[in-house]
Amino acid sequence: MVTIARLFLLATLASSVPVRAEEPSASPVVPAAAARSAAQWRLLARDLARPQGPERAAAEKAVAGLKDADVKALVGAMRGDRDRLIAGSILHGMGRRATAPLFGLLDDPDLSVRAAGLVVDAAGPGMVEDAPRLLACLRGRSDVRLYCGQALVKLSGPAARKHVPALAEALSDPDADVRAYAATALGLVGKGASGAKTALQAAAKDADASVRAAAKTALGRLRG
């Protein structure tokens with residue numbers, strides 16, 4: 001049964017969902033995104049996980065109306081691993097719409113690390129078009145570099161073959177972590193990364209052991 005209290009809380013999360021003129025709003029005064037409490041986000045995540053029914057439908061409608069400001073508010077409400085899981089489930093419900101605001105928060109001095117962790121959680125083959133952003137982050141952001149590297153590896157696969165030239169170039173980066181992540185990503189592209197063979201052969205002789213290991217693994221995958 002959908003309680004009045006639950007509908008009220010979901011209505012505050014769905015502030016940007018239009019309400020038809022003939023339907024009175026469940027919450028005439030809707031708080032700003034930043035004013036939403038952690039409890040409201042937890043309630044939304046819980047209802048998203050329910051079996052099909054009115055509570056889940058109301059939660060899905062709320063998620064459909066979330067905007068960039070809501071993503072910032074959600075990330076700002078995180079206070080630990082439990083909240084990170086909650087945030088991840090809500091952002092998963094948003095799908096690709098959550099990607100741009102998350103990347104935008106990488107430049108926020110207060111939220112960059114939290115946002116980067118969620119980028120890793122969200123990363124997968126469906127984010128292959130974001131490989132250039134992650135590579136730029138990997139090469140230029142020391143504070144969240146490792147997160148961006150992990151996300152880059154998670155989204156790499158055969159569909160990322162068009163990013164092989166940029167990944168091959170990263171094998172010559174001054175930072176060993178960048179070189180190791182680039183080699184790992186190339187290995188996951190597989191035979192489609194054959195254009196990086198020469199660069200990988202050079203990386204297999206790198207001074208850093210982790211880079212050498214990643215490059216040798218990648219070369220093995222090029223051969224199938």
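A: Val211 is buried, since its relative accessible area is 0% (buried means under 20%, exposed over 50% and partly exposed in between, with a 1.4 Å probe and protein chains only). The model is predicted, so local features need pLDDT of at least 70 and side-chain atom pairs count only at pLDDT 80 or more, while totals for chains, interfaces and linings use all residues. Residues are numbered from 1 along each chain as its sequence is written, and side-chain values use heavy atoms, leaving out hydrogens and water.

Val211 sits in helix α13, which covers residues 209-222 (a helix is a DSSP run of H or I, at least four residues, numbered from the N terminus). When neighbours within four places in sequence are set aside, Val211 is in contact with Ala176, Arg179, Ala180, Ala203 and Asp206, where contact means heavy atoms within 4.5 Å. Val178 lies 33 residues from Val211 in sequence, and the C-alpha atoms of Val178 and Val211 are 9.0 Å apart in space.

The largest cavity contains about 50 Å³ of space, a volume being the space filled by probe spheres set on the points. Its lining is made up of Ala38, Trp41, Arg42, Leu74, Ala77, Met78, Asp83 and Ile86. Helices α2 (38-48) and α5 each give at least two residues to this lining, and the largest share, three residues, comes from α2.

Methods. On a 1 Å grid over the protein atoms alone, a cavity is a set of points where a 1.4 Å probe fits but cannot get out, and a pocket is an open set with protein on both sides within 12 Å along at least five of seven lines; lining residues have an atom within 4 Å of a point.
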